[in-house]
Number of protein chains: 2
Amino acid sequence: MSIMTESRVGTGAVTATSVLTPTYEGDFVLDEHLLLESGRTLAGVTLHYAVYGKLNSARDNAVLVCHALSGSALVGSWWPELFAPGAVLSLHRDFVICINMLGSCYGSTGPGSVDPETGNIYGPDFPLVSIRDNVRAQARLLDSLGIRKLRLVLGGSIGGMQALEWAIHDPERVERAAIIGVAPVSAMGLALNHLQRQAIQHDPEWAGGHYLPQRPPRRGLSLARQIGMLSYKSATLFDERYGRRPNRNGEDPWGLDNLGGGLIGGRFDIAGYLDTQGERFNERFDANAYLAILRTMDTWDPLHGALSPAEVFGRIRARLSFVGISSDWLFPARDVREFAYTIRAAGVQADYREMTSDHGHDAFLAEQAELVRLLQ
Amino acid sequence: MSIMTESRVGTGAVTATSVLTPTYEGDFVLDEHLLLESGRTLAGVTLHYAVYGKLNSARDNAVLVCHALSGSALVGSWWPELFAPGAVLSLHRDFVICINMLGSCYGSTGPGSVDPETGNIYGPDFPLVSIRDNVRAQARLLDSLGIRKLRLVLGGSIGGMQALEWAIHDPERVERAAIIGVAPVSAMGLALNHLQRQAIQHDPEWAGGHYLPQRPPRRGLSLARQIGMLSYKSATLFDERYGRRPNRNGEDPWGLDNLGGGLIGGRFDIAGYLDTQGERFNERFDANAYLAILRTMDTWDPLHGALSPAEVFGRIRARLSFVGISSDWLFPARDVREFAYTIRAAGVQADYREMTSDHGHDAFLAEQAELVRLLQ
């Protein structure tokens, strides 16, 4: 779910592609309260979004891309190879729209926004916004643009949750959906998210969520990100790239660390890599937004409270494609496959495809050309 | 590496076996300084150990058991099924000895001990004690008991590191060694340990390692333990035991948490389990001891600084048995197998066996009967 190329790594990063500039990037403000699944309401909801290409006069060439946990509306920046000639998206054919999730810190309403009802920043009082709540808000934006058909909705990870929820919630609007590297979060995934939450909450700077913008819980967010990075990558990739080598800055794991104590020691290269990732993440993400989206992710289960899969999935009219990633241990390929088969058993047109990759969960961002090949 | 049965879990825990009482439990104090591989010396080194059974007059019936990260010398308490009739160890035939690792908090010299040279507790100044340093100290204890032959040395995880190092360091003394669920720590393992270290160091109560005994870094050690627990178990086991169920105390993941904020919410069952494990660990382990042993583990690589595997492993005279665990992702079975084959290629009698288990790394403690079957 890293959306940046990893410049600390010389190989395997995203192929250099000219970054695409959106046709338009802006905000949409809902004209009424959003009633959330939890029963609470969210007032003055803003959705930040970006579009690429042009909407045709029939308004039937729209494609919706849903981003992953720490992503933004700028899909042209983090998924550029999907726009390559002959790939999945076309600036000439499609009107591609990507909407920042609620709870995020990239422009849509989130914990850092002001609650119009109190005049204060939401902070830790930001409510649980479900995947379905996100889809319902996004639908209003599409309504305002006059888009009644989506040729395709697609996304990886939490973006895939949204893509499927679109097909369930708005069956007449969605023609096809691609759901990549995702299923309802497993017990191991819930465990990983629980650890990440604690890392942030334990940082004294978090202050129960009431931290000042200039004093965020940097160490907690860094550790959370590092725990996440483990689950986005694979042991094979780490062995290849870092192995047991000492950190490239010359630290000595068999010697003393900077503090001179004996308990810590110099870092291995993998530790230097993770620390760098944690520091970078602090430059671009907010701790409370991270917590909000983890909760959105954890609580997503289309069958929660349902009587049967048929009741939920039987509504779907779209053709679905599920993609599992062979080395993904956050959302294991077998979980994605079983999820796809459950949905197909409810009478839905659903196929399952598998990416063979050593990149782990991140493969949908790190090996875009292979993803394009699978989706074609 | 949990050494306690998991009473929160109704099934799959260690079979009830009467806890074995050691024949003797006590301390051995080295009569001279221990010169460490790092070049530093450790004065007044104490080894806490336990023995089971009796040393015969020929003094050739000794078996050395080496414990895992958070284990103790009381092998009869944490590996009881290895003493079952016809199993690996026999109170009638064997003189079983288990020695607490240096750096630990179960009786041997560690960060909580007083440095006789300064009169202060070592704390963060406790030096790196390597696996080889441990073996050299243990050898002096065996010398003092007149033990010149070890019928068997065995251990799981970091205990297996010691077992192999025994076979390398003291080839004439070791007849057989069983090395279970271990190889030099992979990049993923180094990453997991890096996260655990940070969890402790980020706790303000850690105070650079100078915490007061009555104010230890409880939250940091709890989080470290929870990260560790993930790596000792498997996704399959977690799915079976916890799935996506809400915490059994009645919390609601879709509702609010105790604080009433929206960012956290009620816990899932897996989160309740992990929190319980973290709390329990605080009752029995020390943060600096944890850091010390993580470092001992990370830095172990018999080939570090060697010219060739033959130079290091060619010294071995013992028959070696390596055991990989099918679902272990801290020390993947393929790593253990490849490590065994590297050693065999150096002319050593080494076989590889594999435990099929959903218990992950912990299988050597959680499925002792199966381990016994494999070792026979």
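Reader: How many residue pairs are in polar contact across the interface of chain B and chain A?

Author: In this predicted model, the rule finds 26 residue pairs in polar contact across the interface of chain B and chain A, both residues being at pLDDT 80 or more. A polar contact here is a pair of N or O atoms within 3.5 Å; within protein, one must be able to donate a hydrogen and the other to accept it, and residues adjacent in sequence count only if both atoms are side-chain atoms.

Reader: Which helices of chain B supply at least two residues each to the side that touches chain A?

Author: They are α4 (187–202), α5 (218–232), α6 (235–241), α7 (269–284) and α8 (287–298) of chain B, and the largest share of that side, 12 residues, comes from α4(B). Helices (H or I, at least four residues) and strands (E, at least two) are DSSP runs, numbered from the N terminus.

Reader: And how many salt bridges does the rule find across the interface?

Author: The rule finds two salt bridges between chain B and chain A, taking a salt bridge as a side-chain nitrogen of Lys or Arg within 4 Å of a carboxyl oxygen of Asp or Glu. In one of them, the side chains of Arg244(B) and Asp301(A) meet at 3.7 Å, N to O.

Reader: What area do chain B and chain A bury between them?

Author: They bury about 5,300 Å², with 64% of it on carbon and sulfur atoms; buried area is the accessible area (1.4 Å probe) that two parts lose on being put together, summed over both. In chain B, the residues that lose the most area to chain A are Arg244(B), Trp254(B) and Leu263(B), together 15% of what that side buries. The contact takes 62 residues from chain B and 63 residues from chain A, where contact means heavy atoms within 4.5 Å.

Reader: Changing topic, in what order do the strands of the chain B sheet run?

Author: Eight strands form an open sheet in chain B, in the order β1-β4-β6-β5-β7-β8-β9-β10, with mixed pairing; two strands pair if DSSP finds at least two bridges between them. At the edges stand β1 (24–29) and β10 (350–355) of chain B, each with a single partner strand, so one side of each is left without a neighbour in the sheet. The twist averages 20° from one strand to the next, with axes as lines fitted to C-alpha atoms, for helices over the stretch in contact, and angles running from 0 to 180 degrees between N-to-C directions.

Reader: Parallel or antiparallel for β5 and β6 of chain B?

Author: Strand β5 (residues 62–66) and strand β6 (residues 95–99) of chain B pair in the parallel sense over four bridges, and Val65(B) stands opposite Cys98(B) in β6(B).

Reader: Which strands does helix α12 of chain B lie across?

Author: Helix α12 (residues 368–375) of chain B lies across β7, β8, β9 and β10 of chain B, running at about 150° to β10(B).

Reader: What about numbering and cut-offs?

Author: Residues are numbered from 1 along each chain as its sequence is written, while chains are lettered from A and ligands numbered from 1 in the order in which they are written. Since the model is predicted, local features need pLDDT of at least 70, side-chain atom pairs count only at pLDDT 80 or more, and totals for chains, interfaces and linings use all residues, with side-chain values using heavy atoms and leaving out hydrogens and water.
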